[in-house]
Amino acid sequence: MRYLTARKRAEGKGASGTGTEHFWYMKMSGVGLALIIPVFLVAFGRAVGGTREEVLATFAHPAMALLTGLVIFFGLRHFAGGAQTMIEDYTHGSTRRALIIFTTILSYGLIATGLFALAKIAL
């Protein structure tokens with residue numbers, strides 16, 4: 001049997017019980033997005049104003065499709081994490097749970113929709 005002090009059990013947990021894991025996830029996804037978003041914006045900016053065929057050809061390229069998929073997935077996961085933090089800070093009780101569930105469903109729904117549209121373009 002392990003004997004842990006109250007301090008040892010609480011160390012690194014924080015008020016929500018998840019410790020600094022959420023903070024580090026948000027920090028790392030923010031850094032990752034800061035690296036890939038400028039590249040995506042340049043590539044996307046070059047496609048803007050082209051004909052439909054040119055835009056489809058641009059997004060059908062494997063590198064652009066992969067970059068777009070990464071931006072969609074990690075951008076929306078970062079959104080969901082930030083929205084969850086905001087919801088946890090400002091709401092309580094069943095409203096909190098309902099909003100977190102709604103935000104999670106919304107972000108995964110948008111990810112699925114975006115990746116499906118990208119797959120239709122790229123394939």
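A crossing of two helices is left-handed if the near helix is turned anticlockwise from the far one by less than a right angle, and right-handed if clockwise. In this predicted model, the crossing of H2 and H4 is left-handed. The axes of H2 and H4 lie 9 Å apart, and the two helices pack at an angle of about 140 degrees. From H2, the residues that make the contact include His22, Tyr25, Met26, Ser29, Gly30, Leu33, Phe40 and Phe44. From H4, they include Met64, Leu67, Thr68, Val71, Phe74, Gly75, Gly81 and Gly82. Sorted by class, the contact of H2 with H4 has 14 nonpolar, nine polar and one charged residues.

The setting of this helix pair is as follows. The protein chain has five helices and zero strands, and its pattern along the sequence reads α-α-α-α-α. Of the 123 residues of the protein chain, 21% count as buried. Among the contacts in the protein chain with a separation of 6 or more, residues 24 or more positions apart account for 66%.

The largest nonpolar core has six residues in all, namely Phe40, Ala47, Phe59, Met64, Leu67 and Val71. Helix H2 (21–47) and helix H4 (62–90) are the elements that give two or more residues to this core. H4 gives the most to the core, with three residues.

Phe40 belongs both to this core and to the contact between H2 and H4. Its relative accessible area is 14%, so Phe40 is buried, the limit being under 20%. Leaving aside neighbours within four places in sequence, Phe40 is in contact with Phe59, Met64, Leu67, Thr68 and Val71.

With ring centres required to lie within 6.5 Å, the count comes to four aromatic pairs. In one of these, the ring centres of Phe40 and Phe44 are 5.7 Å apart and the planes stand at 20 degrees; the pair is therefore stacked, as planes under 30 degrees apart count as such. Phe40 and Phe44 both lie in helix H2, four residues apart, which is about one turn of the helix. Phe44 has 37% relative accessibility and so counts as partly exposed, whereas Phe40 is buried. Ring pairs also bring in Phe59, linking Phe40, Phe44 and Phe59 into a cluster.

A further ring pair is formed by Phe73 and Phe74. Here the centres are 5.1 Å apart and the planes stand at 85 degrees, so the pair is edge-to-face. Phe73 is partly exposed because its relative accessible area is 33%. Phe74 likewise counts as partly exposed, at 35% relative accessibility. Phe74 is also one of the H4 residues in the contact with H2.

The last stop is Thr103, which is located in helix H5 (residues 93–122). With a relative accessible area of 9%, Thr103 falls under the 20% limit and is therefore buried. Not counting residues up to four places away in sequence, Thr103 touches Phe79, Ala80, Ala83 and Ile87.

Methods: Residues are numbered from 1 along each chain as its sequence is written. This is a predicted model: local features need pLDDT of at least 70, side-chain atom pairs count only at pLDDT 80 or more; totals for chains, interfaces and linings use all residues. Side-chain values use heavy atoms; hydrogens and water are left out. Buried means under 20% relative accessible area, exposed over 50%, partly exposed in between (1.4 Å probe, protein chains only). Contact means heavy atoms within 4.5 Å. A nonpolar core is a set of buried Ala, Val, Leu, Ile, Met, Phe, Trp, Tyr and Cys residues joined through side-chain atoms within 4.5 Å. Rings of Phe, Tyr and Trp (its six-membered ring) pair if their centres lie within 6.5 Å; planes under 30 degrees apart count as stacked, over 60 as edge-to-face and the rest as tilted. Axes are lines fitted to C-alpha atoms, for helices over the stretch in contact, and angles run from 0 to 180 degrees between N-to-C directions. Ala, Val, Leu, Ile, Met, Phe, Trp, Tyr, Cys and Pro count as nonpolar, Asp, Glu, Lys and Arg as charged, and the others, Gly among them, as polar.
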